[in-house]
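Q: Can you walk me through reading a helix packing and the loops beside it? Start with the terms, then go to the case.

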Amino acid sequence: MRYALAIDIGGTKVATGIISKDGHILKQATVKSDTSNRENMYQSVKQAIADVMTDAPVSWDEIAGIGAGVPGKVDPVKGIAVYQNNIPWHNFPIRERLQNDYPVQNIQLDNDVHMAAYAEWKQAGLAPDALFAYITISTGIACAMLQQGRFLRGAGFAGELGLLPSRSLNKRVTLEQATGGPAIQRVGQDRYQDPSITTKEVFDRFQQNEPIATEIVAQTAEALAEGVYSLVSILDPHHITFGGSVATHNPQFIELVKENLSAWALPDQRHILENINISQYANLSGLVGAGLRVFDTIK
């Protein structure tokens, strides 16, 4: 059994993939999430599995296990999706349901950001004792950290970088409210007086050196750098990888974050400036990580 079935579950879509031990995706499928109730949401997962296994290059006999990434708080030991704000799965026994419905007992469940972080950590190839941090910048802001092959989980809610307080634009908000994709879009709509402006369009105009977009992106980078510096000061990671659509589609934005971080960093912290990169998997790290966890389980 040389392959894993990976599932990346979200409020908008469910992605599935057949993953090899080296992280190669043999086949993918995506279906729209039905968040009307918990059972319909689970049916979306089953449909995505059916789609990826139909005419697949491997059979169920070759599947070593299923890895599933779920947003929000997850209990990876009990296999329960504890709480999510975008899907109706309060205390949903996802591992048990999958074990009952498919001929696979090895079900690895974790938070979706942790799954993405695992793929990036494996890709980074760091020394075992190095502290690795993965930060995703998309609709939300979140972080996952590994050291000695284990996640730093705290009491179960560690890594919620987006909840850090921020005073961006002279308002007392969270870092996520100040720097996530929806925040950039909202500020862009306000500054341009155009309700149709999207986050992508703000960055497109930034690339064209439009003054308003340049100011928006600069302020966002400054606020995000302050949040990242909090992480650097508390945990002093050896390496940081940025993922999520905002980061992967806008490398110049991450360079601005690094410039702002440089202004904060003390001499003994400046090593991090040479050890920041953008995801090698783009928006597929969650899927790849879910598959790799089947082969290389960690707690």
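A: Begin with burial: buried means under 20% relative accessible area, exposed over 50%, and partly exposed in between (1.4 Å probe, protein chains only). At 62% relative accessibility, Asn 209 therefore counts as exposed. This is a predicted model: local features need pLDDT of at least 70, side-chain atom pairs count only at pLDDT 80 or more, and totals for chains, interfaces and linings use all residues. Residues are numbered from 1 along each chain as its sequence is written, and side-chain values use heavy atoms, with hydrogens and water left out.

Q: Where is Asn 209 placed?

A: Helices (H or I, at least four residues) and strands (E, at least two) are DSSP runs, numbered from the N terminus. Asn 209 lies in the loop between H6 and H7. Its phi is positive, about 65 degrees, although Asn 209 is not a glycine.

Q: At what angle do H6 and H7 pack?

A: Axes are lines fitted to C-alpha atoms, for helices over the stretch in contact; angles run from 0 to 180 degrees between N-to-C directions. H6 (residues 199-207) and H7 (residues 211-235) pack at about 110 degrees, with axes 8 Å apart. That makes H6 roughly perpendicular to H7 (65 to 115 degrees; under 35 is roughly parallel, over 145 roughly antiparallel, the rest oblique).

Q: Which residues make the contact?

A: Contact means heavy atoms within 4.5 Å. H6 gives Val 202, Phe 203, Arg 205 and Phe 206; H7 gives Ala 213, Thr 214, Ile 216 and Val 217.

Q: Which residues of H6 are buried?

A: Thr 199, Val 202, Phe 203 and Phe 206.
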